[in-house]
Amino acid sequence: MTVAYTCAEIAGGLLTGSLALLADAGHMLGDSAVLALALGAAWLVIRLAILERSFGFRRVEILAAFANGFALVAIAIWVFVEAIRRLDDPPRVLGGWMLLVALIGLGVNLAAAGILSRTAGENLNVQAALRHVFADIGGSVGVAIAALVILATGWRQADPIAGLAIAVVILGSSWTILRDSVAILLEAAPAEVDAEEVGRRMAEAEGVVEVHDLHIWTITSGFPALSAHVLVRRGDDCHSRRRELEQLLADEFRLTHTTLQVDHAGEHEGLRITNLRRRGR
């Protein structure tokens, strides 16, 4: 749908002389590419894990979302430059045809948003694709408003101004995706998980003496992970304490992919590595 409408919008922009339509067509063309990238990433995610990549290709989804965010920024810059260039001397625009093309685009983008919104809450990659479509919806609305202004008043500056508004919408869409994907790539704790609270609750659990080397990160959207070294009292059942902690993490923080090393306090001083020199040297 996006590719078909892009072609129609390019033709409409050339026919009507509308910068807003051409700018939105460039945006839609970029969206076609990033939607294809999102689809490819989704296909890679379901491939089986192997020893060299124990989590499979799950992180590819985040790389795709990161690329989508940068694509949005690049598109916004292009629209800004083109709109400012034409603001002083906008060409004559056929407002009626411009309005028709914008309304068709609005229908296409609403349909695409309906399809993507079914699973966007579970997947950052789909969220990135959906944000592209939301930006497209904003672009179609902006073009339609500009067309109505031109038809009602003949004020041709409405066309490049609509292009500037589209660029602002695109930039706003890019921020959240770039922020979230960078946080995941930098192994930050999930936004919905308070790492300090997790450590405190684990340390307060029955029999736990100490918790250290606590790491909480996200493998991909909806897949948080945790690892930690836990010391328990002498004589306690390490396996029982581990199961209790796993249950606590699952119930209170929805952390189900956990790796806990549980030892008795005072039994291990840790691995010490020293340099050994050959005798005689």
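Which residues does N109 touch, not counting residues up to four places away in sequence? The legends below answer this and describe further close-up views of a predicted model, in which local features need pLDDT of at least 70 and side-chain atom pairs count only at pLDDT 80 or more, while totals for chains, interfaces and linings use all residues. Residues are numbered from 1 along each chain as its sequence is written, and side-chain values use heavy atoms, with hydrogens and water left out.

View 1. N109 touches M28, V133, D136, I137 and S140, once residues up to four places away in sequence are set aside, where contact means heavy atoms within 4.5 Å. With a relative accessibility of 1%, N109 counts as buried; the classes are buried under 20% relative accessible area, exposed over 50% and partly exposed in between, for a 1.4 Å probe and protein chains only.

**View 2. Crossing of helices α1 and α4.** The axes of helix α1 (residues 2–16) and helix α4 (residues 95–116) come within 10 Å and cross at roughly 165 degrees, the axes being lines fitted to C-alpha atoms, for helices over the stretch in contact, with angles from 0 to 180 degrees between N-to-C directions. That angle makes α1 roughly antiparallel to α4, since angles over 145 degrees count as roughly antiparallel, those under 35 as roughly parallel, 65 to 115 as roughly perpendicular and the rest as oblique. On the α1 side the contact is made by Y5, E9, G12, L15 and T16, and on the α4 side by W97, M98, V101, A102, I104, G105 and V108. By class, this contact of α1 with α4 has 8 nonpolar, 3 polar and 1 charged residues, where Ala, Val, Leu, Ile, Met, Phe, Trp, Tyr, Cys and Pro count as nonpolar, Asp, Glu, Lys and Arg as charged, and the others, Gly among them, as polar.

**View 3. Salt bridge between R85 and E82 in helix α3.** The side chains of R85 and E82 meet in a salt bridge at 2.6 Å, N to O, the rule being a side-chain nitrogen of Lys or Arg within 4 Å of a carboxyl oxygen of Asp or Glu. By this rule the count comes to 12 salt bridges. Both residues lie in helix α3 (residues 60–87), 3 residues apart, about one turn of the helix. R85 is exposed, with a relative accessible area of 55%, whereas E82 is buried, with a value of 14%.

**View 4. Salt bridges of E197 with R200 and of R233 with D236.** The closest N and O atoms of E197 and R200 are 2.4 Å apart, and the two residues, being 3 residues apart in helix α7 (residues 195–204), are separated by about one helical turn. E197 counts as partly exposed at 25% relative accessibility, as does R200 at 39%. In the bridge of R233 with D236, the closest N and O atoms are 3.4 Å apart; R233 is partly exposed at 38%, while D236 counts as buried at 16%. Salt bridges that share partners join E197, R200, R201, E204 and E252 into one network.

**View 5. G142 and A162.** G142 lies in helix α5 (residues 124–153) and is buried, with a relative accessible area of 16%. G142 and A162 are 20 residues apart in sequence, and their C-alpha atoms are 5.4 Å apart in space.

Definitions and conventions. Helices (H or I, at least four residues) and strands (E, at least two) are DSSP runs, numbered from the N terminus.
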